[in-house]
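Please keep the sequence and the coordinates at hand while reading.

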2 protein chains.
Amino acid sequence: MGGQNGYVVAVVGATGAVGQKMIQTLEQRNFPAHTLIPLASKRSAGKTVSYKGEEVTIQEAKPEAFEGVDIALFSAGGAVSRQLAREAVKRGAVVIDNTSAFRMDPDVPLVVPEVNEEDLADHNGMIANPNCSTIQMVAALEPIRKTFGLKRVIVSTYQAVSGAGTQAVEELKQQTRAFLDGKELNPEILPVKSDQKHYPIAFNALPQIDVFQENGYTFEEMKMINETKKIMHMPDLKVAATCVRLPFFTSHAESVYIEVEDDTATVEKLKNLLAAAEGIVLEDDPDTQTYPTPLSAEGKRDVFVGRIRQDLDEKKGFHFWVVSDNLLKGAAWNSVQIAERLVKNNWLTRSVV
Amino acid sequence: MGGQNGYVVAVVGATGAVGQKMIQTLEQRNFPAHTLIPLASKRSAGKTVSYKGEEVTIQEAKPEAFEGVDIALFSAGGAVSRQLAREAVKRGAVVIDNTSAFRMDPDVPLVVPEVNEEDLADHNGMIANPNCSTIQMVAALEPIRKTFGLKRVIVSTYQAVSGAGTQAVEELKQQTRAFLDGKELNPEILPVKSDQKHYPIAFNALPQIDVFQENGYTFEEMKMINETKKIMHMPDLKVAATCVRLPFFTSHAESVYIEVEDDTATVEKLKNLLAAAEGIVLEDDPDTQTYPTPLSAEGKRDVFVGRIRQDLDEKKGFHFWVVSDNLLKGAAWNSVQIAERLVKNNWLTRSVV
């Protein structure tokens, strides 16, 4: 398996928004994949995707398709992952799953390389890629936690429609034109395609991402809460989240309030820490109106942080604004980055079931 | 002055987004104004506005225009208010000013009728209408505070472009069409027309509303912080705000975290309190995906609250989502409502300088 000639890499969900970004990112990063196997539903089998100048034919995602695969990147929805990810592992592949199917499984590492790369050493063939809105937040929290500790996080999100898939992107485009032309909007996809009611997203804000849970929180909010604790190895960290879908296409933004342990923390120190942190770009200067926005972060792999300021009442309290491309660091890039770290640390071969 | 035949009411800024809503609201509420005097810049003088089926000619806003005026509603920007509001008071008018010019003046009541109507009794001819994003938040906070006390507020806002005036509304429309047509966006107005840099608002989120202050907060954020303390008579209340401009036209939404004093508070009790509160409409049922949105609140005078849930770590902590039409309760309606209360309580005649 693998070796000097590289690896066989499968991408499950190759026609989706994230799957396409995965293939592009493998290419841009020059990932050592001597063979790319794009997989999708039966419906898409036979179509092609472009990879390193060649057209590669999409195959149907089924158990046998994973024979000989070294690394399988899954991003075709939780149902597909539940059905096929274990089959891929059984056949010797290391699965990096971008759905919520296995994230909270105690035997599955949930990894953001800048935060908990070492958890990759303990995989049993299955690794989970966290939720998009969680990834960018923990990437910004970790450098702060390492130096000043972390007691509490309260986040309100500003999330792009591409997180709900290509149909949601189309719905925003169509509704926007309809709205400007004075026509009816006819929502069918957002906030959640499978849920009972749909609301317009064009020129609107929907305080629901994913379905509601028993406790009144949405599943997206619970993902942010539970995944943050797991990734940071802080089961007792206080985390609260409110997740809101907004009418823009790419990049999630987050208004984050934190309380640190150490009362020597200052805005200047936080800025210095974040400016030096791996994967983070500090864009923060009120004097020159410098701060990240969804449009400015689009197409970039970094996590951008700005608007850092101390709470006016709590000495250990700080507010900031985090933005990142939800399809890249939030999904495709973090998955490929996990694959890169597995290769670099020689942890791929430990995947024995 | 006034009496059974009603009052002479001037609206300063009659051609602006809020001024127009003020005139419409006076008409809809059948406010006892026997004469409406629309005032605006010299440039707009001579145009007409429609009021109760008649076309009324706009006059130039200058000191003499306030002779004989009983109530003057100002919404033409801080500079105009600083120049003319005292002139109006001098001539016997009671001024209800919708700019930030006098809000923090200790001699000027800052009023949201559902919260601190009684402060109107002490005016000296000048009353300030709070900032739009502040009004809807304190309207939702007050019923909770009355019953359970209030220790802390952390808010992240989702604000419509109409809060930045009609030019910002046009900019969003133009940029949206340009974006969908693959053209350049050329921002010139937002986030702050008078500031150095401008960023696209179409399909974007801008974490800057109004100019930055020395402490790294924007003026909008400081308005929410300081005005909330003043309106609620709680100078020591902990309040933090992050204000974000978004690509929708009307209504501000807010993700609010609060901590109350009394640990007997529950989600059910909060819902009951808010459902019964004046000016509040509870729209909160996860089972039926019921929550307010900017589009659903547009054109309505109420403040809508939903997504109320208890914090998962803090027993006294609660999260909720508040939405209201920023041009109505956030501006025009709150101003006209103040005028109604002055009349109803017979407090108009106390305006002696």
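In which helix of chain A is A:Val18 found? A:Val18 is found in helix α1 of chain A, where helices (H or I, at least four residues) and strands (E, at least two) are DSSP runs, numbered from the N terminus.

## Basis of the report

This is a predicted model, in which local features need pLDDT of at least 70 and side-chain atom pairs count only at pLDDT 80 or more, whereas totals for chains, interfaces and linings use all residues. Residues are numbered from 1 along each chain as its sequence is written, chains are lettered from A and ligands numbered from 1 in the order in which they are written, and side-chain values use heavy atoms, with hydrogens and water left out.

## Annotated positions in chain A

According to UniProt, in an unreviewed entry, the annotation "binding site" covers A:Thr15, A:Gly16, A:Ala17, A:Val18, A:Arg43, A:Ser44, A:Ser162, A:Gly163 and A:Asn326. These positions span 312 residues in sequence, and the farthest two C-alpha atoms are 26.4 Å apart, so they do not all gather at one spot. UniProt positions are given here in the numbering of this model, feature names are shortened, and annotations may be inferred rather than shown by experiment.

Of the annotated residues, A:Gly16 lies in the loop between β1 (7–12) and α1 (17–28) of chain A and counts as partly exposed because its relative accessibility is 23%. A:Val18, by contrast, is buried, with a relative accessible area of 14%; buried means under 20% relative accessible area, exposed over 50%, and partly exposed in between (1.4 Å probe, protein chains only). Leaving aside neighbours within four places in sequence, A:Val18 is in contact (heavy atoms within 4.5 Å) with A:Ser75, A:Asn98, A:Leu327, A:Ala331 and A:Ala332.

Is A:Arg103 buried or exposed? A:Arg103 counts as buried, because its relative accessibility is 5%.

Not counting residues up to four places away in sequence, A:Arg103 touches several residues, among them A:Asn98, A:Val108, A:Leu110, A:Asn129, A:Lys223 and A:Glu227. A polar atom of the A:Arg103 side chain lies 3.3 Å from the backbone oxygen of A:Asn98.

## Helix α5 of chain B

Helix α5 of chain B (residues 166–180) has 15 residues, which at 1.5 Å a residue should span 21 Å, and its end C-alpha atoms are 22 Å apart, which agrees; the expected span is 1.5 Å times one less than the number of residues. Its buried residues include B:Ala168, B:Glu171, B:Leu172, B:Gln175 and B:Ala178. An α-helix has 3.6 residues a turn, so residues three or four places apart point the same way.

The buried residues of α5(B) pack against α5 (166–180) of chain A. After α5(B) comes B:Gly182, whose phi is positive, near 70°.

## Backbone geometry in the loops

A cis peptide bond joins A:Leu190 and A:Pro191, with omega about 5°, and A:Pro191 has its place in the loop between α5 and α6 (219–231) of chain A. In chain B, the peptide bond from B:Leu190 to B:Pro191 is cis, with omega near 5°, and B:Pro191 lies in the loop between α5 and α6 (219–231) of that chain.

The loop between α5 and α6 of chain B also holds B:Phe203, which has a positive phi of about 50° although it is not a glycine, and which counts as buried at 5% relative accessibility. Phi of B:Ser251, likewise a residue other than glycine, is positive and near 85°. B:Ser251 is found in the loop between β10 (238–242) and β11 (252–259) of chain B, and is buried, with a relative accessible area of 0%.

## The sheet of chain B

In chain B, an open sheet of 6 strands has the order β10-β9-β11-β14-β13-β12, with mixed pairing; two strands pair if DSSP finds at least two bridges between them. At the edges stand β10 and β12 (280–282) of chain B, each with a single partner strand, so one side of each is left without a neighbour in the sheet. From one strand to the next, the twist averages 25°.

Strand β9 (residues 152–158) of chain B runs antiparallel to β11(B), and 7 bridges join them; the bridge partner of B:Ile154 in β11(B) is B:Tyr257. Helix α7 (residues 267–276) of chain B packs on the sheet, touching β12, β13 (303–310) and β14 (317–324) of chain B, and its direction makes about 170° with that of β13(B). For such angles, axes are lines fitted to C-alpha atoms, for helices over the stretch in contact, and the values run from 0 to 180 degrees between N-to-C directions.

Technical notes: Polar contact = N/O pair within 3.5 Å; in protein donor to acceptor, adjacent residues only side chain to side chain.
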